[in-house]
Amino acid sequence: MRVFKFGGASLKDSDGMKNVTSIIKSFPTTKLVVVVSATGKSTNLLEKVVYGYFHKTGEAEKYKEEFKSIHLEIASGLFEDSHPIFAHI
């Protein structure tokens, strides 16, 4: 069994995600445990969303949209425009 841990920097964009996928696929007959962090700076953005919401700074929506935009950009590099994943993001 192999254990892989991929940090946020490894998952910050579609190229990074493709690289991680390539690494995982290179062990087709090995039992794997794969641990991933949040993408790029997602954790920081989510903290800002929560802080803004609870402290009524007026910035929660801005950070939520930034978070969404980052994930839409990543998805655009991984999937066709008509893919159902976009309805979920």
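The following dialogue reads several features of a predicted model.

Student: At what angle do helix α1 and helix α3 pack, and how far apart are their axes?

Tutor: Helix α1 covers residues 14–25 and helix α3 covers residues 60–78; they pack at about 55°, and their axes are 8 Å apart.

Student: How is such an angle put into words?

Tutor: Angles from 65 to 115 degrees count as roughly perpendicular and those under 35 as roughly parallel, while the pair would be called roughly antiparallel over 145; the rest are oblique. α1 and α3 are therefore oblique to each other.

Student: In which hand does α1 pass α3, right or left?

Tutor: The crossing of α1 past α3 is right-handed. On the α1 side the contact is made by Ser14, Met17 and Lys18, and on the α3 side by Ile74, Gly77 and Leu78. By class, the residues of this contact comprise three nonpolar, two polar and one charged.

Student: Let us turn to a single residue. Where is Thr39 placed, and is Thr39 buried or exposed?

Tutor: A residue counts as buried under 20% relative accessible area. Thr39 has a relative accessible area of 10%, so it is buried. Its place is in the loop between β2 (32–36) and α2.

Student: Is Lys56 buried or exposed?

Tutor: The term exposed applies over 50% relative accessible area. Lys56 has a value of 70%, and is therefore exposed.

Student: Where does His88 lie, and is His88 buried or exposed?

Tutor: His88 lies in helix α4, which covers residues 85–88. With a relative accessible area of 68%, His88 is exposed.

Student: How far apart are the C-alpha atoms of His88 and Lys56?

Tutor: Those C-alpha atoms are separated by 27 Å, and the two residues stand 32 residues apart along the chain.

Notes:
Residues numbered from 1 in each chain as written. Predicted model: local features only at pLDDT ≥ 70, side-chain atom pairs only at ≥ 80, totals over all residues. Heavy atoms only, no water. Axes fitted to C-alpha atoms, helices over the stretch in contact; angles between N-to-C directions. Helix = DSSP H or I, 4+ residues; strand = E, 2+ residues; numbered from the N terminus. Left-handed = near helix turned anticlockwise from the far one by under 90°. Contact = heavy atoms within 4.5 Å. Nonpolar A, V, L, I, M, F, W, Y, C, P; charged D, E, K, R; others polar. Buried < 20%, exposed > 50% of the residue type's maximum accessible area, 1.4 Å probe, protein only.
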